[in-house]
Amino acid sequence: AQSVTQPDIHITVSEGASLELRCNYSYGATPYLFWYVQSPGQGLQLLLKYFSGDTLVQGIKGFEAEFKRSQSSFNLRKPSVHWSDAAEYFCAVGASTNAGKSTFGDGTTLTVKP
Amino acid sequence: NAGVTQTPKFQVLKTGQSMTLQCAQDMNHEYMSWYRQDPGMGLRLIHYSVGAGITDQGEVPNGYNVSRSTTEDFPLRLLSAAPSQTSVYFCASSSTGRKTGELFFGEGSRLTVL
């Protein structure tokens with residue numbers, strides 16, 4: 001069975017500081033991996049995705065993530081956080097045979113200090 | 001550009017009442033699903049469908065029914081609402097080709113069961 005762990009429930013960073021959100025997954029084969037962002041009262045929006053190939057993937061809003069098979073991780077990073085990045089972030093893993101059937105982590109809430 | 005549309009956005013029910021959450025997508029996606037989101041628990045898959053006439057259970061299907069008579073629509077039925085079904089419900093859709101699986105979400109339906 002596939003599963004996702006996001007170890008940090010809540011992270012606070014200062015505006016302009018760098019950010020890394022952790023994600024560890026469990027899946028028997030090559031996973032499809034996703035990061036989504038949810039602003040308050042909204043649905044989820046895709047930030048970036050990994051299917052295969054280059055292990056460093058770029059997404060929207062200046063985010064990037066690195067797939068590390070040996071560590072079963074897919075951490076999300078941003079060099080300089082903006083106040084508008086405050087939101088909840090979800091990591092998800094999908095099967096290559098039906099990636100739409102994704103399993104989500106519990107989410108990490110990001111607070112940005114001025 | 002409608003994407004995934006959910007109705008209603010808010011609903012209050014009494015225990016034992018029934019209702020249907022509507023979901024429609026205009027992207028011709030084969031895959032549709034329903035998730036519920038509860039604080040600290042991420043998104044949990046209720047039911048999903050890989051095409052018209054085909055549905056299957058997810059992680060938390062009890063108390064919910066679905067059907068898929070058309071590609072566009074995927075309603076979620078609560079037959080006898082219980083307070084434990086108080087949650088925010090999200091409908092999502094995705095295409096099913098290789099290297100896909102990105103989920104497109106509706107804005108959510110907040111359900112309170114008294």
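Which strands of chain A and chain B each supply at least two residues of the lining of the largest pocket? Select strand E6 (44-50) of chain A, then strand E1 (4-7) and strand E10 (104-105) of chain B. Strands here are DSSP runs (E, at least two residues; helices are H or I, at least four), numbered from the N terminus.

This is a predicted model, in which local features need pLDDT of at least 70, side-chain atom pairs count only at pLDDT 80 or more, and totals for chains, interfaces and linings use all residues. Residues are numbered from 1 along each chain as its sequence is written, chains are lettered from A and ligands numbered from 1 in the order written, and side-chain values use heavy atoms, without hydrogens and water.

**Stop 1: the largest pocket**

About 440 Å³ of space lies here. The lining has 20 residues; closest to the centre are Leu44(A), Val4(B), Phe104(B), Phe105(B) and Gly106(B). A pocket is an open set of points on a 1 Å grid over the protein atoms alone, where a 1.4 Å probe fits, with protein on both sides within 12 Å along at least five of seven lines; lining residues have an atom within 4 Å of a point. Points are joined across faces, edges and corners, and the volume is the space filled by probe spheres set on them. Colour the lining by class: eight nonpolar, nine polar and three charged residues. Nonpolar means Ala, Val, Leu, Ile, Met, Phe, Trp, Tyr, Cys and Pro; charged means Asp, Glu, Lys and Arg; the others, Gly among them, are polar.

**Stop 2: the second largest pocket**

This one holds about 360 Å³. Select Gly41(A), Gln37(B), Val88(B), Phe90(B) and Arg110(B), the closest to its centre of 19 lining residues. Now show strands E9 (87-94) and E11 (109-113) of chain B, which each supply at least two lining residues. E9(B) gives the most, three residues. The lining has four nonpolar, 10 polar and five charged residues.

**Stop 3: the interface**

Select the contact (heavy atoms within 4.5 Å). Chain B gives 21 residues and chain A 22. Together they bury about 1700 Å², 53% of it on carbon and sulfur atoms. Buried area is the accessible area (1.4 Å probe) lost on putting the two parts together, summed over both.

Zoom in on Glu102(B) and Lys49(A): they form a salt bridge, with the closest N and O atoms 3.7 Å apart. The rule (a Lys or Arg side-chain nitrogen within 4 Å of an Asp or Glu carboxyl oxygen) finds one across this interface.

Finish on E5(B), which gives four residues, the largest share of the side of chain B that touches chain A.
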